[in-house]
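Here is a short note for a colleague who is opening this entry for the first time. Please keep the structure in view while reading.

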Amino acid sequence: MHKFLADIVFPVAQSPIKNGVVITDDKGKIVDITPFELHDEGTVLKFSGAIVPGFINTHCHLELSHLKGKAKTGTGLIDFIKQVVTQRATNGEEIDNAIIIAENEMLQNGIVAVGDISNQTDTFLQKSKGNLRYHTFVECFDFMRTEEAKAIFDKYVEVYEKLILPTGHKKSLVPHANYSVSETLFALINNRNETNSTISIHNQETPAEEDLFLKGESEFTSFFGNIGFKMDDIKTVGLPAIYYALKNLKPTDTILFVHNTLTQAKEIIAAQNLFPKTYWATCPNANLYIENRLPDYKQFIESNAALCIGTDSLTSNWQLSILEEMKTIQQYQSSMPFEIILKWATINGAKALQFDDTLGSIEKGKTPGLVLLENFDGEKLTKNTKAKRLI
Ligand SMILES: [Zn+2]
C-alpha cells in the first residue's frame with residue numbers, strides 16, 4: 001500500500017480535494033482517495049503541487065520520430081507533407097532509436113496511453129514491450145485511386161496483421177484524411193474492422209482541404225496531380241470536407257477527428273448528431289508548427305463537444321508532452337478553467353481510445369498512473385509547471 005499526499009488532488013471523476021491522499025496498492029491500483037486528516041503524517045509520501053491522473057496522448061506518429069527538427073515551421077500543410085515524404089526514408093537503426101527515445105520522453109512526461117498512427121511496422125517491436133498502452137491506428141490512403149484501392153488496402157492489412165497486441169492494447173484500420181481516401185477504400189476499412197472500433201481521421205486541417213470539397217479544386221489538386229495521384233474521384237462538392245467523412249464512416253464506431261483547425265459549430269453538431277461517440281483531438285503545438293493557427297475552441301465548447309489532446313509526431317512538434325499542449329491551450333484561451341483542459345487531457349482521451357476501463361481518472365479499481373504537477377497552484381499552469389511521474 002502507498003499513500004500519496006499533495007496540496008491538491010484532481011481525481012477528474014469528482015471534485016478536486018485539497019490536501020488529498022491517494023491510496024494505491026503495490027501495482028498502482030487506486031484503493032481510495034481521502035482527506036489528509038484521516039492519516040498519520042509518517043505514513044504518507046508528501047508532495048508539493050497537484051496530483052492528476054496519467055495523461056492520454058490521442059494522436060501521435062511514433063514512426064516519424066526520427067524526423068525531429070527536419071521540417072520547417074509555418075510553411076503550411078502541403079509543404080509540410082512534401083518535407084516528410086522526401087525525408088522519411090533512412091536506415092532502420094536511426095528509426096528504431098528515435099522511437100525508443102520518443103516513447104521514453106512520453107513516459108517521463110506522464111503520458112500513460114497513446115493513440116498512435118502507423119503506416120508501417122516500425123513501432124511494433126517497441127509497442128510489444130508494453131511500456132505504454134497503445135491504440136494503434138493502421139492508417140490507409142489511396143489518394144482517390146479507386147481502381148487500386150483493393151491492392152493498396154491488402155498491403156495495409158498485412159501491416160495490421162503483423163501487430164500482435166500486448167494485453168489491453170487495441171488496433172484498428174483507419175482512413176488517413178478526407179482528401180486521401182476513396183469511397184472504395186473507406187468501405188474496405190469499414191468491412192474489415194471489428195464492431196465498435198475507434199476510427200481516427202485527420203480532419204479539416206488546412207484551407208486547401210476545405211476548398212477541394214467546397215469548390216472541387218484547390219492547391220491540393222495540382223500538388224497531388226504533380227506526384228501522379230488522381231483527384232477526380234472526389235465526389236462531395238459544395239460542402240466542407242468533414243461531410244465526406246460523415247458520409248463514409250460507421251455510426252456504431254467511436255470517431256476521433258484529429259486537428260479540426262477549420263471546423264465550425266454547424267459541422268461539429270452535424271457530426272455529433274450522426275455519431276453519438278464523437279471525439280475531437282486537438283494538437284495545438286503541431287497546428288502552430290505547421291499552419292500557425294488553432295481551432296476555435298469556443299465553438300467546440302458551445303457545441304458540447306468532447307475534446308481530447310494529441311501531440312502529433314516529433315516531425316511537427318518540439319516535444320511529446322500533453323502538459324505542454326495544455327499550456328498552449330491555456331495561453332491562447334486564458335479564461336478556460338484548468339479542470340476543463342485536464343478532462344481533455346485525461347478522461348476524454350481515455351474514452352476516445354476506449355481505455356477508460358483502467359485509465360483517465362483517479363477512481364477506485366482503476367490503474368490510471370499518477371502524475372505530479374510541480375510549480376502549480378491548482379489554477380493556472382505556468383511555463384515552470386513540470387510533470388513528474390509518481391506511478
Ligand atoms: Zn497526424
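Predicted model: local features only at pLDDT ≥ 70, side-chain atom pairs only at ≥ 80, totals over all residues.

1. Overall size. The protein chain has 391 residues and a radius of gyration of 21 Å. A compact globule of that length would come out near 21 Å, so the two agree. Along the principal axes, the C-alpha atoms fill a box of roughly 70 × 40 × 40 Å.

2. Make-up. The protein chain holds 14 helices and 14 strands. Of its 391 residues, 48% count as buried. Take the contacts between residues at least 6 apart in sequence: 71% of them join residues at least 24 apart.

3. Domains. Domain 1 is made of 1–54 + 360–391, and domain 2 covers 55–359. Their centres, taken over C-alpha atoms, are separated by 31 Å.

4. Where the domains touch. Domain 1 gives 19 residues to the contact and domain 2 gives 25 residues. On the domain 1 side, β4 (45–53) and β14 (386–389) are the elements that give two or more residues. That side has 8 nonpolar, 6 polar and 5 charged residues.

5. A helix pair. How do helix α6 (residues 207–215) and helix α7 (residues 219–226) cross? Their axes come within 7 Å and cross at roughly 95 degrees. Angles of 65 to 115 degrees count as roughly perpendicular, so α6 is roughly perpendicular to α7.

6. The contact of that pair. α6 uses A208, E209 and L212, while α7 uses E219, F220 and T221. By class, this contact has 3 nonpolar, 1 polar and 2 charged residues.

Terms used
Residues numbered from 1 in each chain as written. Axes fitted to C-alpha atoms, helices over the stretch in contact; angles between N-to-C directions. Helix = DSSP H or I, 4+ residues; strand = E, 2+ residues; numbered from the N terminus. Parallel < 35°, antiparallel > 145°, perpendicular 65-115°, else oblique. Contact = placed C-beta atoms within 7 Å. Nonpolar A, V, L, I, M, F, W, Y, C, P; charged D, E, K, R; others polar. Rg over C-alpha atoms; globule rule 2.2 N^0.38 Å. Buried ≥ 20, exposed ≤ 12 C-beta atoms within 10 Å, placed from the backbone. Domains from an automatic or database assignment.
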